[in-house]
Amino acid sequence: MALNGNGCCWVQERILSGNGCGVFLTPRSRSSTAILPLKSTALSFSSSFQFQGFVVDRKQSSSSIQTAAVRHLVGSVTKTQGLRFAVVVARFNEIVTKPLLEGALDTFRKYSVNEEDIDVVWVPGSFEIGIVAERLGKSRNYHAILCIGAVIRGDTTHYDAVASSVASGVLSAGLNSGVPCIFGVLTCENMDQV
């Protein structure tokens with residue numbers, strides 16, 4: 001989205017099919033606010049403006065305004081043939097991470113993922129998960145990477161540093177590699193929560 005010199009916005013949306021659609025946003029009077037769409041799909045707005053083909057009117061309730069630009073994309077994992085996955089697992093707190101790994105592998109089996117299409121990589125602790133996940137993603141050998149770990153609060157502030165670092169590390173791994181990195185790291189106060 002970009003503003004031009006006249007206070008108008010240009011929005012360009014790329015849908016997975018590769019088709020793009022453009023919409024001009026132009027400011028409108030504050031006296032009205034309801035969207036009157038060409039097609040109906042749910043969307044809500046809090047300010048008043050006009051889309052090309054849409055009008056925002058404040059008199060309508062704010063929870064469900066309609067627009068044709070919204071598309072719902074739903075994935076399916078019914079066809080797993082040819083898909084490869086990596087699982088990065090922390091050794092620290094293995095009493096927790098090993099059962100999580102077994103559950104993940106069982107779920108892969110339920111979806112008919114072949115064992116030879118899953119690589120399990122063990123790392124020393126949750127802190128190291130992000131860097132390994134990123135390297136695996138950049139290898140372009142995997143369609144998704146599952147990250148498993150457990151960070152349990154102790155009597156020191158170590159928990160806060162590790163929990164924050166592993167969360168941002170897994171997020172960065174997905175963003176930097178372009179491969180989905182699933183956050184399967186437990187962050188718990190104590191073993192009872194685990």
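The legends below describe an overview and several close-up views of one predicted model.

Residues are numbered from 1 along each chain as its sequence is written. In this predicted model, local features need pLDDT of at least 70 and side-chain atom pairs count only at pLDDT 80 or more, while totals for chains, interfaces and linings use all residues; side-chain values use heavy atoms, with hydrogens and water left out.

**View 1. Overview of the protein, with 3 helices and 11 strands.** Helices (H or I, at least four residues) and strands (E, at least two) are DSSP runs, numbered from the N terminus. Along the sequence, the elements run β-β-β-β-β-β-β-β-α-β-α-β-α-β. Of the 194 residues, 34% are buried; buried means under 20% relative accessible area, exposed over 50%, and partly exposed in between (1.4 Å probe, protein chains only). Among contacts (heavy atoms within 4.5 Å) with a separation of 6 or more, 62% join residues 24 or more positions apart. The accessible surface comes to about 12200 Å², and carbon and sulfur atoms contribute 54% of that surface. Accessible areas come from the Shrake-Rupley method with a 1.4 Å probe; for residues, only the protein chains shown count as cover.

**View 2. A nonpolar surface patch formed by Ile95, Met191 and Val194.** Together these residues have about 290 Å² of accessible area. Patches are made of residues with over 30% relative accessible area and no salt bridge; like charges are joined within 9 Å, and nonpolar side chains (Val, Leu, Ile, Met, Phe, Trp, Tyr) within 5 Å. Ile95 belongs to helix H1 (residues 94-110). The relative accessible area of Ile95 is 67%, so this residue is exposed.

**View 3. Cysteines Cys147 and Cys181, with sulfurs 5.1 Å apart.** The whole structure has 0 disulfides, a disulfide being a pair of cysteine sulfur atoms within 2.5 Å. Cys147 is buried, at 0% relative accessible area. Cys188 also counts as buried, with 7% relative accessibility.

**View 4. Gly174 in helix H3 (residues 158-177).** Gly174 has a relative accessible area of 18% and is therefore buried. Leaving aside residues up to four places away in sequence, Gly174 touches Val179 and Cys181. The C-alpha atom of Gly174 is 8.0 Å from that of Ala133, a residue 41 positions away along the chain.

**View 5. The salt bridge between Asp117 and Arg84 (3.8 Å, N to O).** This pair links distant parts of the chain, 33 residues apart: Asp117 is in the loop between H1 and strand S9 (118-123), and Arg84 is in the loop between strand S7 (65-66) and strand S8 (85-90). A salt bridge is a side-chain nitrogen of Lys or Arg within 4 Å of a carboxyl oxygen of Asp or Glu. The whole structure contains 6 salt bridges. Asp117 counts as buried at 13% relative accessibility, whereas Arg84, at 23%, counts as partly exposed.

**View 6. Arg153 with its salt-bridge partners Asp160 and Glu189.** The closest N and O atoms are 3.4 Å apart in the bridge to Asp160 and 2.9 Å apart in the bridge to Glu189. Glu189 lies in the segment after strand S11 (181-188) and Arg153 in the loop between strand S10 (144-152) and H3, so this pair ties together parts that are 36 residues apart in sequence. Arg153 is partly exposed, at 30% relative accessibility. Asp160 is partly exposed at 39% relative accessible area, and Glu189 is partly exposed at 37%.
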